[in-house]
There are 2 protein chains.
Amino acid sequence: MKILVVGANGQIGKHLVRFIQESEHEAKAMIRNQEQASYFKELGAETVIVDLERSIEDIAKAAEGVDAIVFTAGSGPHTGKDKTILVDLDGAIKTIEAAKVASVKRFIMISSFDTRREAILNAPSSFKPYVAAKHYADEWLKSTDLDYTVIHPGALTNEKGTGKVNAATEVERGEVPREDIASVIFNSLVNNATIGKEFQVVSGNTSIKEALKSI
Amino acid sequence: MKILVVGANGQIGKHLVRFIQESEHEAKAMIRNQEQASYFKELGAETVIVDLERSIEDIAKAAEGVDAIVFTAGSGPHTGKDKTILVDLDGAIKTIEAAKVASVKRFIMISSFDTRREAILNAPSSFKPYVAAKHYADEWLKSTDLDYTVIHPGALTNEKGTGKVNAATEVERGEVPREDIASVIFNSLVNNATIGKEFQVVSGNTSIKEALKSI
């Protein structure tokens, strides 16, 4: 399986490309500029340079011939709100549309912990725009007939992954290492039971493979 | 006909409520706070206080019993991008969802001149987030089974209205007084031939009533 990782140069993306390259599968890292390429070249991964602010057609070209797309690009809640619209909302939706154009059925979206409508209302006011952007991107994906999985990670940390999580439709808010989220993504890619599902993930006591079985 | 005007306290909204009150119809002005009420009370219009950052249910309650909703709220392209997400995108979509909840079929959206996908790409970079927000709000509305009209005005001015416009699916970019846009909205409300249509409007040589006949 060949997997286009959109946002490969992010911290989750880097772990994910490594996991993919260590497996029987291949990653294609979508990055914004040539300077980001060396990490991926060292892992033997293909790279493709496309800025998410470009067109659906440009993204679709990058997605040609892959079997799955992972969207893990993210301006995060603390960047300028222009990027919240142009990356988290528009970049995500263009990638979903590009998947359709390139006939890539499998799509994994890395969302925020809670993107339900009530979460926009209840978020602290500086966080609301980010939650709204992620909400609409998730809604857009779920309204397609793509084979989607929406992953809602808890508060991301740079701790080393433990390989153990708590994953379910709703879990108690908590932290989770980015490396474990990358592993959750990888294990979702190779587990078709996660298709059509969305779930929250925080650190826990269950191995990632086991946790995904009960989703 | 009773018409909920969302964003009544904006300049287009104020003209529109006046036109409605001067006709056989009635306006219900949705405003953000009590201080904005006096203008509408003088016109004999009902007011309802709901901030667009509140829930769908709150907006739906304001829409109960009306026959049509006009969304003319807008942070505009020059406010903070947080408001672009929370008003132009989320406020608009919540109002659309509120129309469904309140079983109000007729919905008129005041959009921006060009909100097609290419327009996001081609807009100057400070304008892109606004175009993207309006794009998704328009797309959301057009995907519903509401009786929608999407009006795309040219560059808005505070000149006195002339009553004459150029309106079509695509017209050459140009200016148009806010008062004329209010009149286009009013005339669309009473002309069911505008249902399911979207069109651009700038100043021109055709009376508004005539212009809407050929949409």
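Two residues are in contact here when they have heavy atoms within 4.5 Å of each other. By that rule, and not counting residues up to four places away in sequence, Val104(A) touches Ala63(A), Val66(A), Asp67(A), Ala68(A), Ile69(A), Ala99(A) and Leu146(A).

The model is predicted, so local features need pLDDT of at least 70 and side-chain atom pairs count only at pLDDT 80 or more, while totals for chains, interfaces and linings use all residues. Residues are numbered from 1 along each chain as its sequence is written, chains are lettered from A and ligands numbered from 1 in the order in which they are written, and side-chain values use heavy atoms, with hydrogens and water left out.

Val104(A) sits in the loop between α4 and β5 of chain A. Helices (H or I, at least four residues) and strands (E, at least two) are DSSP runs, numbered from the N terminus. A residue is buried under 20% relative accessible area, exposed over 50%, and partly exposed in between (1.4 Å probe, protein chains only). Val104(A) has a relative accessibility of 2%, so it counts as buried. The C-alpha atoms of Val104(A) and Ala60(A) are 9.3 Å apart, although 44 residues separate them along the chain.

Is Ser103(A) buried or exposed? Ser103(A) has a relative accessible area of 61% and is therefore exposed. Ser103(A) lies in the loop between α4 and β5 of chain A, and its phi is near 55°, a positive value in a residue other than glycine. In chain B, Ser103(B) has a positive phi of about 55° although it is not a glycine, and at 62% relative accessibility it counts as exposed.

Next comes the sheet. Strands of a sheet pair through backbone hydrogen bonds, either parallel or antiparallel. Two strands are taken to pair if DSSP finds at least two bridges between them. In chain A, nine strands form an open sheet with mixed pairing, in the order β3-β2-β1-β4-β5-β6-β10-β8-β11. Its edge strands are β3 (46-49) and β11 (206-207) of chain A, each of which pairs on one side only.

At the β3 end, strand β2 (residues 26-31) of chain A pairs with β3(A) in the parallel sense over four bridges, and Ala29(A) has Thr47(A) as its bridge partner in β3(A). Further along, strand β6 (residues 147-153) and strand β10 (residues 197-203) of chain A are joined in the parallel sense by five bridges; here Val150(A) is bridged to Glu198(A) in β10(A). Strand β8 (residues 164-168) of chain A pairs with β10(A) in the antiparallel sense over four bridges, with Ala168(A) opposite Gln200(A).

Axes are lines fitted to C-alpha atoms, for helices over the stretch in contact, and angles run from 0 to 180 degrees between N-to-C directions. In chain A, α4(A) lies across β1, β4 and β5 (106-110), running at about 175° to β4(A). In chain B, helix α1 (residues 11-22) lies across β1 (2-6), β2 (26-31), β4 (68-71) and β5 (106-110), at about 155° to β2(B).

A nonpolar core is a set of buried Ala, Val, Leu, Ile, Met, Phe, Trp, Tyr and Cys residues joined through side-chain atoms within 4.5 Å. The largest one has 52 residues, and those with the most contacts inside it are Met30(B), Ile69(B), Phe107(B) and Met109(B). Helix α4 (residues 81-101) of chain B gives the most to this core, with nine residues. Leaving aside neighbours within four places in sequence, the contacts of Met109(B) include Phe71(B), Ala92(B), Ile96(B) and Leu141(B).

How do the two chains fit together? Two copies of a chain are related by a rotation about an axis and a shift along it. Copies are superposed by least squares on the C-alpha atoms of residues with pLDDT of at least 70 in both. Chain B can be laid on chain A with an RMSD of 0.0 Å by a turn of 180° and a shift of 0.0 Å along the axis. This is the relation of a two-fold axis. Lys81(B) comes closest to the rotation axis of the residues of chain B, at 2.6 Å (C-alpha). The copies meet through the same surface, because 100% of the interface residues of chain B are also interface residues in chain A.

Helix α4 (residues 81-101) of chain A packs with α4(B) at an angle of about 55°, their axes 6 Å apart. Angles under 35 degrees count as roughly parallel, over 145 as roughly antiparallel, 65 to 115 as roughly perpendicular and the rest as oblique, so α4(A) is oblique to α4(B). Among the residues making the contact are Lys81(A), Ile85(A) and Leu89(A) of α4(A) and Lys81(B), Ile85(B) and Leu89(B) of α4(B).
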